[in-house]
Amino acid sequence: MNGKNRFDFVIAGGGSAGCVLARRLSDDPALRVLLVEAGVRDRSPLLSAPGGLLQIMRSGSYAWRYSSVPQRQLNDRVLYVPRGKVLGGGSSINGMVYDRGSARDFDRWNELGNEGWSYAEVLPYFRRAETYEPGANDFHGGDGPIHVSRPQVKHPLARAFVEAGAQAGYPHNEDTNGARREGFGPVDVTVGRGRRSSTSSAYLRPVMNRPNLSVITGAHVTRILFEGRRAVGLSYRRGGRDYTVRAAREVILSAGAINSPQILMLSGLGPADHLRAHGIQPLLDLPGVGGNLQDHLAITVKHRCLQPISMFKYFSPLKGTAALARYLLWHEGPLADPGMEAAGFVKSETQEPEPDIKLLFVMALYRNHGRDVIPEHGFYAHINCLHPESRGTVRLASADPAAPPLIDQNYLNEPRDLSIMRRGVQIAREIFAQRPFDAYRGDELEPGPAVLSDAEIDRSIRSNADADYHSVGTAQMGRDAQTVVDERLRVHGIDGLRIVDASIMPRIVGANTNMAVIMIAEKAADMILDRPALPCADPVRDHAP
């Protein structure tokens, strides 16, 4: 094997975490870094235009088009589960909502025995990752790679949503990623100067020409290479041929909560009986690999709009063409932001210690996460149970690396998740019934005016709820027998192998997961390079009344 195939670090997966690691590790010119990505480069203008999200979702061109197994508690429906297949991964194809989670989310990780992962310890890494265009402060950074902007609550429907929240008795919150979580207020987005700020565009692209950094796309990792119980490289398939690369220091899996456990199991790390059933000789029995799968389930409350002011107006050929021209010329207009301005975080019951329901307000009528447009003016609340208790699995369908894995989120297996989703529907209806919506509120399309009782709402949830694409937890961090990595993200019982992606989360954050994954990668880079952790910060306590 020649020197061109030898590196200090080999990173499997060029998504939200992998691009961060490629940048931070290659900052040291003495280190040779290889990033291996199965997808393509993010060259399409649709990927950079925030308003291009709809076409991205419709085409599926930049995603693994995975599906779940039939979900028992959702009438045995099979749900679409796309995963990023492009440099930047999910950050290149997601809805760009900037949402980190509550302080309590990370303190939970720490309480589970993961030292160094409390809110006070991870906040500095969130700040390091971002340039917050409203202005740096105790909670937000001012010179990081990811640009975060605020579209402002300027659309009349978004203003009505925030005002309705206040009239229903919920607090106003100008920054739900700041000192407190609860309330209704503006949404921040990972957009800067009219362009999507993905980890590819923000971290990787500016350093692609470094002589110590190599990036290979179209390369499907098939397994990890070992000498004894030390990871020493990767095997990947590209253009119908198999290749191997060596890592002198570490192999790092950053393939996400679906593909990282798949690669581990294909490599002999996982539940031993499951591996043997597929003809794979276990190198190490790690029963937690592929377990603990968590995801947010989403349900909506949809209304027609009495006035022709929703985002549907841009779907006419004339206005759509004008919007495209305006974006191409000046990076302005409706294609320059993702079209989401307001959200609310509420408690299902007043005694809850923190919000457990999220209401994201959408100013158009879509189904299937934007893949299908309902051709009329309207709006809806996109509702999540933020801290689901149900747990699922990722398992191998076969020993063929090209075979999609078996994804079972096991949604609503825990009854409390259904009760919180039901409460979310009731709260959304309460919001839409307030006076600020009187001029806009048309018929309720979903769940529909005939769906009133708890049992009827539950049936509607089982029939209509959908995956929210926030998969985490399948190689969870911790110390017990069901965990896969330690608090420094090193795989138990294996040398030279780390996992850095959403799979290491022991508990899902009550938020969109992209920024938490970026934070994980920023913090992991310091661990990998044996650098001191950034100094702790606890502005939540400092800002407490």
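1. Let's start with the rings: those of Phe, Tyr and Trp (its six-membered ring) are a pair if their centres lie within 6.5 Å, with planes under 30 degrees apart called stacked, over 60 edge-to-face and the rest tilted. By this rule the count here is 16 aromatic pairs.

2. A word on what you are looking at: this is a predicted model, in which local features need pLDDT of at least 70 and side-chain atom pairs count only at pLDDT 80 or more, while totals for chains, interfaces and linings use all residues. Numbering runs from 1 along each chain as its sequence is written, and side-chain values use heavy atoms, with hydrogens and water left out.

3. Have a look at Tyr80 and Tyr469, an edge-to-face pair with 6.4 Å centre to centre and 85 degrees between the planes. Tyr80 sits in strand β4 (residues 80–84) and Tyr469 in the loop between β27 (466–467) and β28 (497–499), so the pair ties together parts that are 389 residues apart in sequence. Strands (E, at least two residues) and helices (H or I, at least four) are DSSP runs, numbered from the N terminus. Tyr80 is buried, at 15% relative accessible area, and Tyr469 is buried at 16%. Buried means under 20% relative accessible area, exposed over 50%, and partly exposed in between (1.4 Å probe, protein chains only).

4. Trp109 and Trp117 form a tilted pair, 6.1 Å centre to centre with 55 degrees between the planes. Both Trp109 and Trp117 are buried. Elsewhere on the aromatic list, Phe161, Tyr170, Phe184, Phe361, Phe379, Phe432 and Phe437 form one cluster.

5. Now for Ser92, which belongs to helix α4 (residues 90–93). Ser92 is buried, with a relative accessible area of 1%. Its side chain reaches the backbone oxygen of Leu87 at 2.7 Å. Beyond its neighbours within four places in sequence, Ser92 is in contact (heavy atoms within 4.5 Å) with residues including Asp42, Leu47, Arg196 and Ser200.

6. Finally, the cavities: there are five of 30 Å³ or more. A cavity is a set of points on a 1 Å grid, over the protein atoms alone, where a 1.4 Å probe fits but cannot get out; lining residues have an atom within 4 Å of a point. Grid points are joined across faces, edges and corners, and a volume is the space filled by probe spheres set on the points. The largest cavity holds about 90 Å³. Among its lining residues are Leu293, Asp295, Cys385, Tyr411 and Met421.

Note on methods:
1 Å grid on protein atoms, 1.4 Å probe; cavity = no way out; pocket = protein on both sides within 12 Å on 5 of 7 lines; lining within 4 Å. Polar contact = N/O pair within 3.5 Å; in protein donor to acceptor, adjacent residues only side chain to side chain.
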